[in-house]
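Hi everyone, thanks for coming.

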Amino acid sequence: MSAVPALEWMDGWVDVGTVADIPRLGARVVASAIGNIALFRTAEDEIFALEDRCPHKGGPLSQGIVHGKGVSCPLHNWVIELETGEACAPDHGCTRTIDVLRQGERILLRVPRP
Ligand code: FES
């Protein structure tokens, strides 16, 4: 996993690199004005972005295990849905999702206002 330089806040889409920059079944962290954003890549090369903060006690989801369209938090093993940011039952909570757009192999994020 590697981090890229902090992004300036922009009201729009920000190019954060390519699909190949994210390990398959892994994650990459992008620093932003709202904190770290975790970019996840599934086995099918789908890309999802969530705040890098577990809804339980703030664990770094980017360091979790990606499986299917979910990630298991490295701290207490809650499973978070990558599409919605919701914790899977029986746990409750939600991590903020970040809009992702793919243009070919390039990945764009819409970083929300702080
Ligand atoms: S902080 Fe993620 S499961 Fe506890």
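Let's begin with serine 72, whose side chain makes a polar contact of 2.7 Å with the side chain of histidine 67. Please keep in mind that what you see is a predicted model. Serine 72 belongs to strand E7, which covers residues 70–72. Is serine 72 buried or exposed? Its relative accessibility is 10%, and because the limit for buried is under 20%, serine 72 counts as buried. Leaving out residues up to four places away in sequence, serine 72 touches Gly64, Ile65, His67, Asn77, Trp78 and Val79.

Now step back to lysine 69, in the loop between strand E6 (65–67) and E7. With 33% relative accessibility, lysine 69 is partly exposed. Which side chain does lysine 69 join in a polar contact? That of glutamate 46, with a polar contact of 3.4 Å between the two side chains. Beyond its neighbours within four places in sequence, lysine 69 has contacts with Glu46, Phe48, Ile80, Glu81, Leu82 and Glu83. If you look for proline 23, you will find its C-alpha 15 Å from that of lysine 69, and the two residues are 46 apart in sequence.

Next, aspartate 45, which sits in the loop between strand E4 (37–41) and strand E5 (47–51). Its relative accessible area is 23%, so aspartate 45 is partly exposed. Setting aside neighbours within four places in sequence, aspartate 45 is in contact with Arg24 and Arg102. Arginine 24 is 21 residues away along the chain, yet its C-alpha and that of aspartate 45 are separated by 6.8 Å.

Let me turn to the backbone. Most residues other than glycine have a negative phi, and most peptide bonds are trans. With that in mind, aspartate 45 has a positive phi of about 65°, although it is not a glycine. Leucine 25 is not a glycine either, and has a positive phi of about 60°. You can find leucine 25 in the loop between strand E2 (13–18) and strand E3 (26–30), where its relative accessible area of 42% makes it partly exposed. And where is the cis peptide bond between alanine and proline? It joins alanine 89 and proline 90, with omega about 10°. Proline 90 lies in the loop between strand E8 (79–81) and strand E9 (97–103).

Finally, the whole protein. How many helices and strands does the protein have? There are 0 helices and 10 strands. The radius of gyration is 13 Å, close to the 13 Å that the globule rule gives for 114 residues, so the protein is as compact as a globular protein of that length. The C-alpha trace spans about 35 × 30 × 20 Å along its principal axes. Of the 114 residues, 42% are buried. Among contacts with a separation of 6 or more, 44% are between residues 24 or more positions apart. The accessible surface is about 6,000 Å², with 49% of it belonging to carbon and sulfur atoms. As for charge, there are 11 positive and 15 negative side chains, and the centres of these two sets lie 3 Å apart.

Technical notes:
Residues are numbered from 1 along each chain as its sequence is written. This is a predicted model: local features need pLDDT of at least 70, side-chain atom pairs count only at pLDDT 80 or more; totals for chains, interfaces and linings use all residues. Side-chain values use heavy atoms; hydrogens and water are left out. Helices (H or I, at least four residues) and strands (E, at least two) are DSSP runs, numbered from the N terminus. The radius of gyration is taken over C-alpha atoms; the globule rule is 2.2 Å times the number of residues to the power 0.38. Buried means under 20% relative accessible area, exposed over 50%, partly exposed in between (1.4 Å probe, protein chains only). Contact means heavy atoms within 4.5 Å. Accessible areas come from the Shrake-Rupley method with a 1.4 Å probe; for residues, only the protein chains shown count as cover. Lys and Arg count as positive and Asp and Glu as negative; His and the chain ends are not counted. The place of a charge is taken as NZ of Lys, CZ of Arg, CG of Asp or CD of Glu. A polar contact is a pair of N or O atoms within 3.5 Å; within protein, one must be able to donate a hydrogen and the other to accept it, and residues adjacent in sequence count only if both atoms are side-chain atoms.
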